[in-house]
Amino acid sequence: MSARSLFEQLEERLEGQVPQQDDLLQALLDSLFDGVIVIDQNGHVRAMNAAVETIFGCKASELIGRDASSLMPLTGIRQTGKAAPGQAEGVACGDELTGRRSNGTAFPMVVNLSQATIDGEAMKVAVVRDLTEHRRAEETIRELALNDGLTGLANRDLFHRRLEEAFRSAAQRGCLVALMVLNLDGFKSVNDNYGHTIGDALLKHVARRLEKVTRKGDTVARLGSDEFAVVMVGLEKPDAIRGLAARILADLSKPVTLEGSLLRTGASIGIAFYPRDDTDPDELIRKADTALEAAKGTGRGTYRLYDEIMDAPARAAKVLEADLRLAVVRNEFELFYQPKLCIDGRRVTGAEALVRWRHPTRGIVSPGDFIPIAESSDLMVHLGEWVLRAACEQAKAWQDSGFPSLPVAVNISARQFRDSDFVAALKRTLQETGLDPRLLELEITEGMMMEDTEQVIDEFHLIHDLGVEISIDDFGTGYSSLAYLKRFPVHRLKIDRSFVRDLTTEPDGAAITEAVIKMGHSLNLKVIAEGVELEEQVTYLRSKGCDELQGFLFSQPLPSRDFASWLTSWKRPIAV
Ligand code: C2E
Ligand code: MG
Ligand code: MG
């Protein structure tokens with residue numbers, strides 16, 4: 001018999017058309033998860049299926065004849081529509097109701113109520129669905145969505161919600177909210193050295209420790225990898241937090257054995273307060289993060305309370321960026337030039353253009369202070385184009401005025417180099433200034449060669465094909481290998497200033513310098529040492545076969561006019 005015909009039979013029975021007992025029909029009713037209860041005109045339970053016993057937790061014998069309203073409210077169930085033809089009439093569908101089991105416990109349920117005529121008697125048929133499991137599943141889903149899977153702590157979403165709730169409650173009670181953000185010191189090295197299983201165990205350990213030291217009502221959250229946060233309400237004074245912060249740090253610095261490995265870690269903490277430091281949740285988080293950075297900066301394993309002064313560098317950078325935009329328009333940049341000499345100092349082999357900013361109130365600002373700011377926006381591309389053009393014009397002017405072969409080197413920033421128009425702009429600048437490409441050199445840092453290698457190699461070839469030489473600046477600070485370097489059409493390596501400085505004092509500086517010279521020569525490249533300040537450095541570099549020198553020993557970077565005078569007066573060969 002098909003299911004359809006079983007339902008038809010059920011309908012017929014409910015309508016009183018098939019009065020005889022049908023075992024098959026009873027079996028069908030008993031197999032349902034939903035409880036089916038037939039209620040007579042007096043409101044007493046007349047018949048039911050097996051699920052009703054399970055739902056209400058008592059035997060059929062105890063239920064038959066009982067007042068149905070003791071099991072569930074029968075009034076207030078919304079009528080949702082008329083019965084379809086052939087259906088039991090007057091189907092009513094309830095909102096969620098509260099049922100009561102025989103032991104007195106309440107449970108959520110929905111009831112569908114319909115009218116039926118059975119054996120000529122008007123009855124109600126209630127179909128009861130117990131929602132307990134459904135609600136539990138929903139709760140689990142909600143928890144999964146709001147809790148961090150690894151530690152079970154609140155996740156970022158729940159943390160934000162709790163932070164806002166804490167603000168509201170503190171505003172009503174007139175107290176403070178402390179937001180504490182915490183980072184583990186050296187978590188990356190735990191992951192690298194012990195593996196992710198132990199890294200995960202450490203995060204769980206930290207979560208449990210934080211839960212232990214905080215109070216009920218505080219929120220402990222994990223915001224990211226090893227980033228935790230605690231929201232605390234009900235504080236009277238900011239200083240009240242100090243004891244807790246110190247306790248957390250002491251606790252987390254204790255060695256701990258996890259999965260058989262003994263770990264020593266620590267943490268840094270930043271704290272900001274509502275409403276003292278900010279009343280905007282995102283801003284308060286930023287300020288707690290700023291305090292955290294300050295804590296990390298003062299040596300790890302400490303905590304810091306947010307102070308406006310911590311924002312001073314960021315504010316200064318903002319002001320500088322605004323000034324920098326104006327500087328491009330106001331033409332406040334100038335190029336200084338520093339000579340490069342051959343190893344015996346007799347001949348000047350070129351000049352490096354180094355940009356300076358003549359700030360209207362600050363005086364000369366060095367590139368180390370503004371290039372990183374320009375790099376973080378499109379400003380660097382404009383500034384870079386200006387530098388390139390100014391250097392090419394200067395090189396051409398020197399060529400025309402009696403220094404026929406003085407190449408000028410221009411530093412190219414990563415942002416500028418990545419700009420898709422870079423090679424085209426270079427070509428255009430050479431054409432427009434009329435400079436012989438052989439008198440231009442580009443200084444590109446080692447780090448830039450590592451990004452997107454194939455594209456960089458292609459770009460190097462395009463530049464090389466124009467006749468422009470390429471130097472690798474600050475060489476030795478990156479990780480280029482011999483095999484790697486071979487793939488780039490490069491002309492010169494510039495040994496980083498830090499190695500040259502350490503040449504005569506640190507064995508490592510000397511070893512690296514010697515290795516760079518050998519490596520460069522094995523690839524037929526010229527090697528230049530930058531930052532040369534002492535005669536002893538020259539002696540060493542010369543003994544190792546270095547080709548060129550640049551540094552304060554010969555000249556500081558100079559404005560172009562001073563550079564031309566320096567050039568004409570330079571005679572001093574180096575004493576060796
Ligand atoms: P860099 O290209 O490695 O330039 C060498 C830096 O070392 C220059 O600093 C120079 O003044 C300094 N220097 C030269 N000889 C000595 C020495 O004997 N002792 C010491 N202590 N320092 C020496 P500067 O001009 O402050 O430039 C710093 C960095 O800023 C440059 O490093 C370069 O990376 C960047 N930069 C400078 N001008 C430009 C530019 O026009 N464009 C781009 N993208 N970057 C530039
Ligand atoms: Mg340079
Ligand atoms: Mg350099």
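At 1% relative accessibility, E443 is a buried residue. The structure shown in these views is a predicted model.

**View 1. Magnesium ion (ligand 2) and its protein donors.** Four residues supply the donors of the magnesium ion (ligand 2): E352 (OE), N411 (OD1), E443 (OE) and D473 (OD).

**View 2. D473 between the two ions.** D473 bridges the magnesium ion (ligand 2) and the magnesium ion (ligand 3). The two ions are 4.2 Å apart. D473 has a relative accessibility of 6% and counts as buried.

**View 3. Magnesium ion (ligand 3) and its protein donors.** D473 (OD), D474 (OD), E530 (OE) and E530 (OE) coordinate the magnesium ion (ligand 3) at 2.0 to 2.6 Å. The spacing of the donor residues in sequence reads D-D-x55-E. D474 and E530 link distant parts of the chain, being 56 residues apart. D474 is in strand β19 (residues 469-475), while E530 is in the loop between β21 (526-529) and α21 (535-543).

**View 4. Accessibility of D474 and E530.** D474 has a relative accessible area of 26% and is partly exposed. E530, at 10% relative accessibility, counts as buried.

Terms used
Residues numbered from 1 in each chain as written. Chains lettered and ligands numbered in written order. Predicted model: local features only at pLDDT ≥ 70, side-chain atom pairs only at ≥ 80, totals over all residues. Heavy atoms only, no water. Donors = N, O, S within 2.8 Å, 3.2 Å for Na, K, Ca; no water. Helix = DSSP H or I, 4+ residues; strand = E, 2+ residues; numbered from the N terminus. Buried < 20%, exposed > 50% of the residue type's maximum accessible area, 1.4 Å probe, protein only.
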